[in-house]
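Here's a quick tour for anyone opening this structure for the first time. Have a look around, then read on.

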Amino acid sequence: MILARRRFGMTDAAGRPQLPVVTAAPPSFRVIYDTGFAHVWRTLRRLGVEERDLEDAAHEVFVVVHRRLGDYDPGRPLRPWLSGIAWRVAADERRRARHHRERLGVEDTAPCPAPGPEQALAAGQARALVHRALQALDLDRRVVFVMAELDGATAPEIADALGVPVNTVYSRLRVARQRFADAVRRLRGGEAA
Amino acid sequence: MGNPLEDQELQELLAVERADAGPDDGARARVWGRLAGTLAVPGAGGQAGPGGATPMAAAKVGGGLAVKVGLVVGLAAGGGAWVALRPGPASERPSVAPSVAPAIAPGTASAPSVPPSDASLAAERRLLIEAMQALRGGRLEAAEAALGRHAARFPAGRLGEERAALGVQVLAARGRVDEARAAADAFLARYPGSVLRATVEAAVQKP
């Protein structure tokens, strides 16, 4: 039975302990917040939410989490579920910003530019390079890439969290890996686009 | 086809990103404080995480964000449609008091939404478009006059943020540099998360 699944002792792709997920009653909102906040924050940032908007977006994610607590299956890992919500909030934020600009025909309000290749390649800026390469991916592929390559989620977990077929996850991941690799090479100036 | 990420340098890059520690405790406490003001969060009266700030104190910090659009509160069936609310300025929102009227409760079928457009919003928009077109056409006095009419007619209008941003641009275009910078500072203080931030900053950076 799925509710009997245990994930104690497991680690994610970064070596961090997986959130303990066991049986019985779902975790409280406070527990989910305390254990999932950093994950939500990282996910939003990787999905392109700007630094200045991260607190607002994280707030929105947990408003939805609070609202959907009853939908959460404690037999499933928490991080992919949170990632799915963060993905939808990031998509909404992107639409909202676009509508906001279009409302008055304001054209010059593009997000703050990401660090340039030179900056990204400077010592200690590997993370900036990753984030800039992630921008080469549309949001639907980016979330799959982030969940698979950075969070260590499995394809079925991703499919479940995003509400798409597993085959779609695989196809998005295949394209995303290639585009990410191409973007890194391009940013490093090694190859033409 | 092999995995294009098998490249060692790519793996090293991804390893750096995986090790991202995430936000500081201050962010955790501030967001928790704002949640306490938005939801009937059980236990919201306690400490807000390792940061140590109480939710009440953190909410006051978060409240400084003033008008912020896009509080996503609902997920319609199928996970596709999101309901967005545009809350009023922080000063108009209820103070943090988890025991008072939760705005959202788990299991609520749907949340009301603010109508996206009505007559007064259309009137606001017309005035600001008039100002913007005048600004673009170099008719700076006309632009300033349109903004003045908007301010007089809609002192607490829903497009106050846009009016303020245009005001900075008009002042800068008229060469009133000090006033433009002061207005830009006021804008950034009032709307720190505005998507018009880059526009405002660019306006006062021009020579």
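This is a predicted model: local features need pLDDT of at least 70, side-chain atom pairs count only at pLDDT 80 or more; totals for chains, interfaces and linings use all residues.

Within chain A, helix α6 (residues 139-150) comes out with the highest confidence, at a mean of 95, while helix α4 (residues 117-121) has the lowest, at 41.

Two stretches of chain A call for some caution. Over residues 1-10 of chain A, pLDDT stays under 50, and the model has twelve contacts beyond four places in sequence for them. The other stretch is residues 107-124 of chain A, again with pLDDT under 50, and here the model has 30 such contacts.

## Nonpolar cores

Which residues touch the most other members of the largest nonpolar core? They are L44(A), A58(A), V61(A) and A86(A), out of 53 residues in that core. Helix α3 (residues 78-103) of chain A supplies the largest share of this core, with eight residues.

Take A58(A) as an example: leaving out residues up to four places away in sequence, A58(A) touches F37(A), V40(A), W41(A) and L44(A), plus V31(B). Apart from this core lies another one, made of 25 residues, including M132(B), V168(B), A180(B) and L196(B).

## A look at chain B

Chain B has eight helices and two strands. Starting at the N terminus, its elements go α-α-α-β-β-α-α-α-α-α.

Of the 207 residues in chain B, 34% count as buried. Among the chain B contacts with a separation of 6 or more, 54% link residues 24 or more positions apart.

Technical notes: Residues are numbered from 1 along each chain as its sequence is written. Chains are lettered from A and ligands numbered from 1 in the order in which they are written. A nonpolar core is a set of buried Ala, Val, Leu, Ile, Met, Phe, Trp, Tyr and Cys residues joined through C-beta atoms within 7 Å. A residue is buried if 20 or more other C-beta atoms lie within 10 Å of its own, exposed if 12 or fewer, and partly exposed in between; C-beta atoms are placed from the backbone. Helices (H or I, at least four residues) and strands (E, at least two) are DSSP runs, numbered from the N terminus. Two residues are in contact if their C-beta atoms, placed from the backbone, lie within 7 Å. pLDDT is the predictor's confidence in each residue, from 0 to 100.
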